[in-house]
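Visitor: Could you walk me through this structure? I would like to start with how contacts are counted.

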Amino acid sequence: MRPTVVLTCSILLYFLEIFRGVHGKQEWPIPYRRFDRRPAADSYCEAMFPFCPTGDRDGRTPHMNNWDVISVFRLQAPVWEFKYGSLLGKMHIMHDAIGFSSAERGRNYTMEWYELFQLGNCTFPHLRRETTAPFWCNQGAACFFEGIDDIHWSENGTLEKVGEISGGQFNEMALWVQDDNQTGIYYETWTVRSDPGPNATVWFDSYDCSQFVHRTYRYLTQQGAKLSSRSQTNYTKLYLYSGEPTYLGDDDSIFRDPSAKSLAEDIRKFYHPFRPHQSYMDFVLSLAEAYQKVVEEKSFYLYYNFEYWYLPMKSPYVQITYEEVPLP
């Protein structure tokens, strides 16, 4: 092909990209970005309570014989029940997991997906003096361990058998979990919608413990499993409500570009009230500051796919719901 033809084609493609950028319509919700593999966690990130202390931190499961019959259990309990008992459950702030019981082995197992460094670190960053950009400890991962703590799940929550699968189906699921766990590496607390109504636009979807449970249920049904529940299958959702979000950029384009200095300072100021390890007095002052930013100024900076978005907030601004998501 002659150079003039190549140049003409290149110019045409360039203008097609411009046209697409100007006239193209953003698709919502923004897809959750997956990665080739899970990176090592930064040593700065420290969990108050260790992640997956008695299980496999990579979500690996034992191999079952194909003819084994595996019971599947829906598990749900209040977040931080070990510390606050049923308190958060009364506010419908629940943690979800899946249980398995092998008929051949006579053993029970629990599988869950949650934050490596607790919920606060996944929802808001650290503001470190030595780094300009906010520093996030927002990895989430699968944990698989032997046993089901019957009292923990049933006393203030749910422990219900919802179906049976074969050992072969369990092994196929185990391979899927490994891939899901290695490519979906970070926790996302918020679901962002245009309003609370049934026809609202979802701008961003969460990626949390309940979403892992939903994905697993869907995979099992695709493999032929039949799942059913005698009770309503409700799950906790944390919502933000906003007008159409505006894309701002990533760490390089915001915090390493001198021309974006004002935006970088605004983002750091926004996250300042949400910083960890505050005194009681600082916490009270921070609540007032956070209210001013989110409700009065109607502003929120969301970190999603390792990029920042501006949310023009709308009433009711923030909401915790406990809504039904039927089994597939």
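Guide: Two residues are in contact when they have heavy atoms within 4.5 Å of each other. This is a predicted model, in which local features need pLDDT of at least 70 and side-chain atom pairs count only at pLDDT 80 or more, while totals for chains, interfaces and linings use all residues. Residues are numbered from 1 along each chain as its sequence is written, and side-chain values use heavy atoms, with hydrogens and water left out.

Visitor: Okay, among contacts between residues at least 6 apart in sequence, what share joins residues at least 24 apart?

Guide: The share is 78% for this chain.

Visitor: And how many helices and strands are there?

Guide: The chain has 10 helices and 11 strands, where helices (H or I, at least four residues) and strands (E, at least two) are DSSP runs numbered from the N terminus. Its C-alpha atoms fill a box of roughly 70 × 65 × 45 Å along the principal axes.

Visitor: What percentage of the residues is buried?

Guide: Of the 328 residues in the chain, 46% are buried; buried means under 20% relative accessible area, exposed means over 50%, and partly exposed lies in between, with a 1.4 Å probe and protein chains only.

Visitor: Switching to packing, how do H6 and H7 cross?

Guide: Helix H6 (residues 167–183) and helix H7 (residues 209–222) have axes that come within 11 Å and cross at roughly 140 degrees. H6 is therefore oblique to H7, given that angles under 35 degrees count as roughly parallel, over 145 as roughly antiparallel, 65 to 115 as roughly perpendicular and the rest as oblique. The axes are lines fitted to C-alpha atoms, for helices over the stretch in contact, and the angles run from 0 to 180 degrees between N-to-C directions.

Visitor: Which residues make that contact?

Guide: H6 contributes Glu 172, Met 173, Trp 176, Val 177 and Asp 180, and H7 contributes Phe 212, Arg 215, Thr 216, Tyr 219 and Leu 220. By class, the contact of H6 with H7 has six nonpolar residues, one polar and three charged, where Ala, Val, Leu, Ile, Met, Phe, Trp, Tyr, Cys and Pro count as nonpolar, Asp, Glu, Lys and Arg as charged, and the others, Gly among them, as polar.

Visitor: How far apart are Asp 180 and Arg 215 in their salt bridge, N to O?

Guide: The side chains of Asp 180 and Arg 215 meet at 3.0 Å, N to O; a salt bridge is a side-chain nitrogen of Lys or Arg within 4 Å of a carboxyl oxygen of Asp or Glu. This pair links helix H6 to helix H7, 35 residues apart, and both Asp 180 and Arg 215 are buried. Salt bridges that share partners join Arg 34, Asp 180 and Arg 215 into one network.

Visitor: How many salt bridges does the structure hold?

Guide: The structure holds nine salt bridges, and one of them pairs Arg 33 with Glu 307 at 3.4 Å, N to O. Arg 33 lies in the loop between helix H1 (3–23) and strand E1 (69–78) and Glu 307 in strand E11 (residues 307–324), so the pair ties together parts 274 residues apart in sequence.

Visitor: Are those two partners buried or partly exposed?

Guide: Arg 33 is partly exposed, with a relative accessible area of 33%, whereas Glu 307 is buried at 16%.

Visitor: Last one, what does Leu 302 touch?

Guide: Leaving aside neighbours within four places in sequence, Leu 302 has contacts that include Glu 188, Trp 190, Tyr 271 and Glu 307. Leu 302 sits in strand E10 (residues 299–304) and is buried, with a relative accessible area of 2%.
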